Amino acid sequence: TMNLNTTAAKISAPDITFSPDLQREAKEVYVIGRKAGLTQQNVISVTSAENDEKIIGALLNSIKESGKATTFLTDERKLTVIALPAEDKISRNNHKFSPHEITDSLDGLHSSARENHVQICVIDQEIEKFMCPVAAAIARAMPLYHSKSSLKELAPTSGVNVTFYSDNAGKVPSDPSAEKEYETASAVCNGVRLAAQLGDMPPAELSPDTYAQKFQEIANGFAAQGVTYTEIKGDDLRQKGYGGIMGVGMAARCPPRMVIMTYSHADATEHIALCGKGVVYDTGGLALKSKVGMCGMKHDCGGSAGVLGGFVSAVTLGLPVKLTLILAIVENAIGPESFRNDDILTMKSGKTVEVNNTDAEGRLILADCVSHASNQLGDVDLIVNMATLTGAQCITTGSCHAGIMTRTKALEDRVVEAGLMSGDLTFPMLYAPELLKKEFKSSVADMKNSVANRMNAQASCAGHFIESHIDEAYKGEWCHVDMAGPDSRSDGRATGYGVALVLGLCKAPGFC
């Protein structure tokens, strides 16, 4: 794929570090916490601003219950205080430390950190529980991908350091066991930034070929941890029966592929298969999207980016789990080889699908992924498929919560709890295959790929389509995660959603 953008490769982003040691040379300081913990004495303590008692007192008094205020200290440092809503102001379906509020309040952080050291101090009496969600929230405010020619090179003093404090301004960790939370915070931050970077990259820069090269580089970097890499590419997909992935991707200049990466810890007690939708660009195929509807479709690889980032973070931390990453990487392009409405695809499951919407492509490629996970791996306990699958998800659960579907209430509760602990929020969608699968009825194939009635729980129907390709002999659990809404911010930036949720499901320190 020809890439005419020569700017992005020249632009670096500031680093983020997590350390109990303050950057005393920082020119800008952020203090974040709930109002009760943002006492005058605490703010003075973490900023070492003993001579600025009146300035800090006035700054705090200017914030009523929650909000943001900025001032300059006598030593010319810029101080910004972000007061988060109190716990009794947070609903039961939101993380109680308001990570979305943190990201939104750090809207100017990236510009500041390009030129000067920035110190972020986070204060709360329960801070050990919140370190990792805070790390993810900060990461979302510091994207890695940039292509503005006006951006200057990073200053030698650039970067952000994050330090956590209990509400009596005592540093965390207060004991050696909490050091793992600092390591996890750094790992989730890096994973989120990686996933968001992939989502932000234009399709000319992130083709199926370049995406696969990224996977290979990651696997090579984790060779010592035993990570393996394989791929099934191009015509091999057709020969081996992956008709969904091949059908969607065969019109593009770069061939489609299924990428499989594995990691197994010696003490693993659970095997999780992470299946990700990796559509690097979605034109809609011959069911072409509009000029407005097509913009932003570079984010259609968000599911694959989220599980990849979670996989990378889990391996970095050496979590005691077995993971198999199964990614379907395609471009849904238009060309002489495009699959068509009315075509019939034979899927990896052996079932046939009559295509009635080439723009309902994500479920086709994920169907092959879950089929592979359920009948090729042998010992899987949990299959998680993640995708920017339907616009209907946004109507169903909103732009902050992914919609999830599970077969059991126990797993549903586990995933919701993992979302509440990690900040990657989730909420259950309707699970009723006996009522909804009729929407895919076909007179010539086993099923169609798009619903007859778009007003009948459309987001859930899409999940059931994927589920119908799980091997009938599979006895493990399955979770469908539709994260079309939370995958991107209102400014069009990718969020790296999914990384923290994966770590929550893996029971990483700080997420359980």
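Ring pairs join Phe18, Phe164 and Tyr182 into a cluster, where rings of Phe, Tyr and Trp (for Trp, its six-membered ring) are paired if their centres lie within 6.5 Å, and planes under 30 degrees apart count as stacked, over 60 as edge-to-face and the rest as tilted. The model is a predicted one, in which local features need pLDDT of at least 70 and side-chain atom pairs count only at pLDDT 80 or more, while totals for chains, interfaces and linings use all residues. Residues are numbered from 1 along each chain as its sequence is written, and side-chain values use heavy atoms, with hydrogens and water left out.

By the ring rule, the count comes to 5 aromatic pairs. One of them is the stacked pair of Phe18 and Phe164, with 6.3 Å from centre to centre and 10° between the planes. Phe18 belongs to strand E1 (residues 16–18) and Phe164 to strand E6 (residues 159–165), so this pair ties together parts that are 146 residues apart in sequence; helices (H or I, at least four residues) and strands (E, at least two) are DSSP runs, numbered from the N terminus. Phe18 counts as buried at 11% relative accessibility, and Phe164 counts as buried at 0%, where buried means under 20% relative accessible area, exposed over 50% and partly exposed in between (1.4 Å probe, protein chains only).

The rings of Tyr211 and Phe215 have centres 4.4 Å apart and planes at 35°, so this pair is tilted. Tyr211 and Phe215 are 4 residues apart in helix H7 (residues 208–221), which puts about one helical turn between them. An α-helix has 3.6 residues a turn, so residues three or four places apart point the same way. Both Tyr211 and Phe215 are buried.

We can now turn to the protein as a whole. Its secondary structure comes to 17 helices and 18 strands. The radius of gyration is 23 Å, close to the 24 Å that the globule rule gives for 512 residues, so the protein is as compact as a globular protein of that length; the radius is taken over C-alpha atoms, and the rule is 2.2 Å times the number of residues to the power 0.38. Buried residues make up 59% of the 512 residues. Of the contacts (heavy atoms within 4.5 Å) with a separation of 6 or more, 78% are between residues 24 or more positions apart.

The interior includes nonpolar cores, each a set of buried Ala, Val, Leu, Ile, Met, Phe, Trp, Tyr and Cys residues joined through side-chain atoms within 4.5 Å. The largest has 92 residues, of which Ile120, Val188, Met261 and Val481 touch the most other members. Helix H5 (residues 127–140) gives this core its largest share, 10 residues. A second, separate core of 45 residues includes Ala367, Ala373, Phe440 and Phe465.

Phe465 is also among the buried residues of H16. In this helix (residues 458–467), 10 of the 10 residues are buried, so H16 is largely enclosed by the rest of the structure. Helix H11 (residues 302–317) has 16 residues and reaches 22 Å from its first C-alpha to its last, close to the 22 Å expected at 1.5 Å a residue, the expected span being 1.5 Å times one less than the number of residues. Since 15 of its 16 residues are buried, H11 is likewise largely enclosed by the rest of the structure. After H11 comes Gly318, whose phi is positive, near 65°.
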